[in-house]
Amino acid sequence: MKRSKKFLAFMISVALVAAISMMPTLSWLSDKSEKVVNTFAGGAISIVLDEAPVDAYGQEIEGDRVTSNSYKYVAGVTLDKDPTPTVLKGSDSCYVFICVENELNELFTLNIDTESWKQVAQANGTTLYIYASSVDASEAPQDIVLNPIFTQVKVSEDLTQQDIQSLGERTLSATAYAVQTAELTSAEAIDLAVAEFMPEGTTPDYVEVN
């Protein structure tokens, strides 16, 4: 069986029924066993990624969490942005990754939570992180909200009007990805995530995951 079949994001149910009966041949004696029913349920992993809404100046406001925001920036401003993954209750134990694709330049700084998220690969403005511990929501009473990958984008005070014109419109995006832990080491999960998001030939860093 190919390994890819182990990563289904939906539930699979299979019922296997085995019935045994004995018919008399030369004897009047007969018997019949009880039905044996075996039920198999495939694993499932469900995750979502969202962030707090912000106003026109990039400051967090009250309201339902969203999947996108628009920002206007000036020199020295700090913009609120907190991409936060949630592993939904009932999900099997999994390794959680976030891929950050950053078109901004060195004048913009992200306050990456390096304790919760460990960098495993980087190339061409794309950086891949793994959560510092596996997450098991299979018996959780509620969804498990992880720590955001970062919470702020700091714009350098050295940003000039010429820089703004040169940058034009850029994007900063994040994508969450989860791989079940069953029969997989963190190194194998990292290989899968690197193959999913990074350019071919990218060499990963294998970090320890609890």
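Residues count as buried under 20% relative accessible area, as exposed over 50%, and as partly exposed in between (1.4 Å probe, protein chains only). At 23% relative accessibility, phenylalanine 197 is therefore partly exposed, whereas phenylalanine 97 and tyrosine 177 are both buried. The model is predicted, so that local features need pLDDT of at least 70 and side-chain atom pairs count only at pLDDT 80 or more, while totals for chains, interfaces and linings use all residues. Residues are numbered from 1 along each chain as its sequence is written, and side-chain values use heavy atoms, with hydrogens and water left out.

Rings of Phe, Tyr and Trp (its six-membered ring) pair if their centres lie within 6.5 Å; planes under 30 degrees apart count as stacked, over 60 as edge-to-face and the rest as tilted. Four aromatic pairs are found by this rule. Phenylalanine 97 and tyrosine 177 form a tilted pair, with 6.1 Å centre to centre and 50° between the planes. Phenylalanine 97 belongs to strand β8 (residues 94-102) and tyrosine 177 to strand β14 (residues 172-180), so the pair ties together parts 80 residues apart in sequence. Tyrosine 177 also pairs edge-to-face with phenylalanine 197, at 5.3 Å centre to centre and 90° between the planes. Strands (E, at least two residues) and helices (H or I, at least four) are DSSP runs, numbered from the N terminus.

A nonpolar core is a set of buried Ala, Val, Leu, Ile, Met, Phe, Trp, Tyr and Cys residues joined through side-chain atoms within 4.5 Å. The largest has 28 residues, of which Tyr73, Val96, Val100, Phe108, Trp117 and Val153 touch the most other members. Strand β8 gives the most to this core, with four residues.
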